[in-house]
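The sequence and the structure come first.

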Amino acid sequence: MIVIQHEDFLHAQEYEYLRSLATSDGAIVTFTGIVRDFSDKSDVLAIELEHYPEMTQKSLEGICQTARLRWPLGQIKVIHRVGKILAMEQIVFVGVTSKHREAAFAACQFIMDHLKTSVPIWKKEIGLENEHWVEANASDNAAKEKW
């Protein structure tokens, strides 16, 4: 399941949702991303995320489908927030279930690594004195390429 929304989410509620559906899986791995209050250019008060809904949805679906082809997975849930998000607020949730932990860990990381660089979501950092658009950095691209 993929959800793109402005509202925050409750990590515990999302975990319980996955657990309720993962009746025969032995592993649940989740990742929650937080908006950092700093970047390499300045302090960050907030970020603004813009996207094209259909493109974003299709891109996330493709990433999750590729993960399913690579690992034996049960449930996948991705939540990505858009709009203005304050520093230290949650921005993304990825949850994966599988019969075994190795597949769940790998798939969760694979989804995040591809989400950071392949999904058409544009990020603007808003600081005290300026704001600027952010591109994927070299470490994000390297993480994606290792797959």
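## Packing of H2 and H3

H2 and H3 pack with their axes 10 Å apart and at an angle of about 150° (axes are lines fitted to C-alpha atoms, for helices over the stretch in contact, and angles run from 0 to 180 degrees between N-to-C directions). The two helices are therefore roughly antiparallel to each other, a term for angles over 145 degrees. The model is predicted: local features need pLDDT of at least 70, side-chain atom pairs count only at pLDDT 80 or more, and totals for chains, interfaces and linings use all residues. Residues are numbered from 1 along each chain as its sequence is written, and side-chain values use heavy atoms, with hydrogens and water left out.

Contact means heavy atoms within 4.5 Å.

| Helix | Residues in the contact |
|---|---|
| H2 | Ser59, Leu60, Ile63, Cys64, Thr66, Ala67, Arg70 |
| H3 | Phe110, Ile111, His114, Leu115, Ser118 |

By class, this contact of H2 with H3 has 7 nonpolar, 4 polar and 1 charged residues.

H3 covers residues 101-118 and reaches 25 Å from its first C-alpha to its last, close to the 26 Å expected at 1.5 Å a residue. Its buried residues (under 20% relative accessible area, 1.4 Å probe, protein chains only) include Ala103, Phe110 and Leu115. The buried residues of H3 pack against H2 (53-70), and also against strands S2, S4 and S6 and helix H4.

Methionine 88 lies in the loop between strand S5 (83-86) and S6. This residue has a positive phi of about 75° although it is not a glycine.

Definitions and conventions. Helices (H or I, at least four residues) and strands (E, at least two) are DSSP runs, numbered from the N terminus. The expected span of a helix is 1.5 Å times one less than its number of residues. Buried means under 20% relative accessible area, exposed over 50%, partly exposed in between (1.4 Å probe, protein chains only). Angles under 35 degrees count as roughly parallel, over 145 as roughly antiparallel, 65 to 115 as roughly perpendicular and the rest as oblique. Ala, Val, Leu, Ile, Met, Phe, Trp, Tyr, Cys and Pro count as nonpolar, Asp, Glu, Lys and Arg as charged, and the others, Gly among them, as polar.
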